[in-house]
Amino acid sequence: MSEILGSTGFEDINLEEKSAAPEIKEKTLQGTAISQEAVVAEAAARQPAENIAQHEEDDFEKLFGTVKNYQEGDIITGVVSRIINNSIYVDIAFKSEGIIEPDEVSNHSAVKAAEVCQPGDKISVQILRLENKAGNPILSKKRADYQLAWAKINAAERNNEDILVRVTAKKDGGLNADFEGVSAFIPAGHLDKEDLARL
């Protein structure tokens, strides 16, 4: 069997900011040329209040314009910022860090957060709640992994491709297996005798 290499389909989007500087025209007063600096100073002094307010609004958008508009159930990509008491804090470009609580880290309860990821890692997460009482989004890594694994399984079936699974136990009549958090059973009749003999 061969391993499937797939993409989560999440991409970062880079936004380009374009700014246009106003043209400064030469000005004369009683036939005498005024310096360009004087023209700029005069224009700034006469700048209407609404223009100042617009600049302040533009600055606010530059600072906070990257905040995403998420919904509960969305599967997104974030960057692990820290791990505290087996909870994972994730930067998801929201107004506050998302939190993956210990029971939402992995389908395997014995697995610790530090065994799954480290600060700086990009991970896929599902949004369970947009805000808790402290204003943090509540996330799940194991649920995102589960849905993404099923998407790979379905794609492999459609394309008649093999997938590589991890055998977790040998039982009468077949094998228990795991594919990225999705449990499966492989009947003995679907296995080669050589495969069974190696286990």
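Q: What makes a charge count as sitting over a ring?
A: NZ of Lys or CZ of Arg has to be within 6 Å of the ring centre and within 35 degrees of the ring normal. Arg82 lies over the face of Tyr89, at 4.2 Å from the ring centre. The model is predicted, so local features need pLDDT of at least 70 and side-chain atom pairs count only at pLDDT 80 or more, while totals for chains, interfaces and linings use all residues. Residues are numbered from 1 along each chain as its sequence is written, and side-chain values use heavy atoms, with hydrogens and water left out.

Q: Why is the pair of Tyr70 and Phe94 called tilted?
A: Rings of Phe, Tyr and Trp (its six-membered ring) pair if their centres lie within 6.5 Å; planes under 30 degrees apart count as stacked, over 60 as edge-to-face and the rest as tilted. Here the ring centres are 6.0 Å apart and the planes stand at 35°, so the pair is tilted. The structure holds one aromatic pair.

Q: What does the pair of Tyr70 and Phe94 tie together?
A: Tyr70 lies in the loop between helix H2 (49-64) and E3, and Phe94 in the loop between strand E4 (87-91) and E5, so the pair ties together parts that are 24 residues apart in sequence. Helices (H or I, at least four residues) and strands (E, at least two) are DSSP runs, numbered from the N terminus. Both Tyr70 and Phe94 are buried.

Q: Why is Gln126 called buried?
A: Buried means under 20% relative accessible area, exposed over 50%, partly exposed in between (1.4 Å probe, protein chains only). Gln126 has a relative accessible area of 9%, so this residue is buried. Gln126 lies in strand E6. In the chain of 199 residues, buried ones make up 24%.

Q: Which residues does Gln126 touch?
A: Contact means heavy atoms within 4.5 Å. Leaving out residues up to four places away in sequence, the residues touched by Gln126 include Gly73, Ile138, Leu139 and Arg143.

Q: How do you know that strands E6 and E7 pair?
A: Two strands pair if DSSP finds at least two bridges between them. E6 (residues 122-129) and E7 (residues 138-140) have three bridges, in the antiparallel sense. Ile127 stands opposite Leu139 in E7.

Q: Which strands close into the barrel, and in what order?
A: Five strands close into a barrel in the order E3-E4-E5-E7-E6, with mixed pairing.
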